[in-house]
Amino acid sequence: MFIYLNALFVGLLLLSNILAVKLFQIGEFILPGAEIVYVVTYLLTDVIGEVYGKNTARKTVQAGFITQLLAVFFIFIVVHLPAAPAFGLQSEFEQILGGSFRVIAASLLSYIASQHLDVSIFHRLRASHGEKKLWIRNNVSTMTSQLIDTSLFITIAFWGIVPLRVLLGMIVTQYIFKLIIAIIDTPFAYLLVKWARKLEAK
């Protein structure tokens, strides 16, 4: 089961970087498409940590970081390869996959800081509660780490580009959305933990 959870984590992480280009709006919320996918990665590290331990969860986070670096490297190479005459979408290809160095740096720094914080908080709470109260450590660790992730990413990516009022508004709206998703995913944490333990017991 671990290999599937790990693969899902890395796959969703890479997918979120691609989907970040699309902006969508729900009511007053304007958010990047990545938010739908990226928040699920915190659920997965919580499940991996709950079933397989803190060190395994940290290795999953590190694997995600290394995979993102490799993805950036290979995307950079392919974007800058000379386009064939028959390929008429080079500018669109660059716009979707190229990204700016500042946004990429913001994404990587916020990822590594918030995901490690998520694992640390989750396991501090687990040391206090044992296997009980999964919902508390799942929500507290995710809500705290998502605040760091959102604040770091938006500050690094947009500081000096948008007014401070707009920047703070982006942080608040994205964080509220992530809080809602974190609460919704709690039953799935219980389901995945139960399923993983059942499979590992066989």
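Tutor: Buried means under 20% relative accessible area, and exposed means over 50%. Partly exposed covers what falls in between. The model here is predicted.

Student: Is V10 buried or exposed?
Tutor: V10 is found in helix α1. Its relative accessible area is 15%. The cut-off for a buried residue is under 20%, so V10 is buried.

Student: Which residues does V10 contact, leaving aside neighbours within four places in sequence?
Tutor: V10 and G64 are 54 residues apart in sequence. Their C-alpha atoms are 5.3 Å apart in space. Outside its sequence neighbours, V10 is in contact with G64 and T67.

Student: Within what arc do the buried residues of α1 fall, seen down its axis?
Tutor: The buried residues in α1 are L5, N6, F9, V10, L12, L13 and S16. They line one face of the helix, because seen down the axis of α1 they fall within an arc of 160°.

Student: Which exposed residues sit on the face of α1 turned away from its buried side?
Tutor: α1 has 18 residues and reaches 25 Å from first C-alpha to last, close to the 26 Å expected. Its buried residues pack against α2, α3 and α5. The face turned away from that buried side carries the exposed residues I3 and Y4.

Student: Which element gives the most to the largest nonpolar core?
Tutor: That core has 23 residues, and those with the most contacts inside it are L5, F9, L44, V47 and Y111. The elements giving two or more residues to it are α1, α2, α3, α5 and α8. With 7 residues, the element that gives the most is α2.

Student: Which residues does L5 contact beyond its sequence neighbours?
Tutor: L5 is among the core residues with the most contacts inside the core. It is buried, in α1. Leaving aside neighbours within four places in sequence, L5 is in contact with L44, V47, I48 and Y52.

Student: What is the relative accessibility of V47?
Tutor: V47 has its place in helix α2. Leaving aside neighbours within four places, V47 is in contact with L5, A189, L192 and V193. V47 counts as buried, and its relative accessibility is 0%.

Student: How far apart are the C-alpha atoms of V47 and K194?
Tutor: K194 is an exposed residue of α8, on the face turned away from the buried side. V47 and K194 are 147 residues apart along the chain. The separation of their C-alpha atoms is 9.5 Å.

Student: Is L191 buried or exposed?
Tutor: L191 lies in helix α8. The relative accessible area of L191 is 55%. The cut-off is over 50%, so L191 is exposed.

Student: Within what arc do the buried residues of α8 fall?
Tutor: α8 has 15 residues and reaches 21 Å, close to the 21 Å expected. Its buried residues are T186, A189, L192, V193 and A196, and they pack against α2, α6 and α7. They line one face of α8, because seen down the axis they fall within an arc of 115°.

Student: Which residues does Q68 contact beyond its sequence neighbours?
Tutor: Q68 has its place in helix α3. At 3% relative accessibility, Q68 counts as buried. Leaving aside neighbours within four places in sequence, Q68 is in contact with L13, L14, N17, S107, L108 and Y111.

Student: Which residues are closest to the centre of the largest pocket?
Tutor: About 1200 Å³ of space lies in this pocket. Elements giving two or more residues to its lining include β2, α4 and α7. Of the 45 lining residues, the closest to the centre are N17, A20, V103, S107 and F153.

Student: What is the phi of K133?
Tutor: K133 has its place in the loop between α5 and α6. It is partly exposed, with a relative accessible area of 44%. K133 is not a glycine, yet its phi is positive, at about 55°.

Methods:
Residues are numbered from 1 along each chain as its sequence is written. This is a predicted model: local features need pLDDT of at least 70, side-chain atom pairs count only at pLDDT 80 or more; totals for chains, interfaces and linings use all residues. Side-chain values use heavy atoms; hydrogens and water are left out. A nonpolar core is a set of buried Ala, Val, Leu, Ile, Met, Phe, Trp, Tyr and Cys residues joined through side-chain atoms within 4.5 Å. Buried means under 20% relative accessible area, exposed over 50%, partly exposed in between (1.4 Å probe, protein chains only). Helices (H or I, at least four residues) and strands (E, at least two) are DSSP runs, numbered from the N terminus. Contact means heavy atoms within 4.5 Å. The expected span of a helix is 1.5 Å times one less than its number of residues. The arc is that of the directions from the helix axis to the C-beta atoms. On a 1 Å grid over the protein atoms alone, a cavity is a set of points where a 1.4 Å probe fits but cannot get out, and a pocket is an open set with protein on both sides within 12 Å along at least five of seven lines; lining residues have an atom within 4 Å of a point. Grid points are joined across faces, edges and corners, and a volume is the space filled by probe spheres set on the points.
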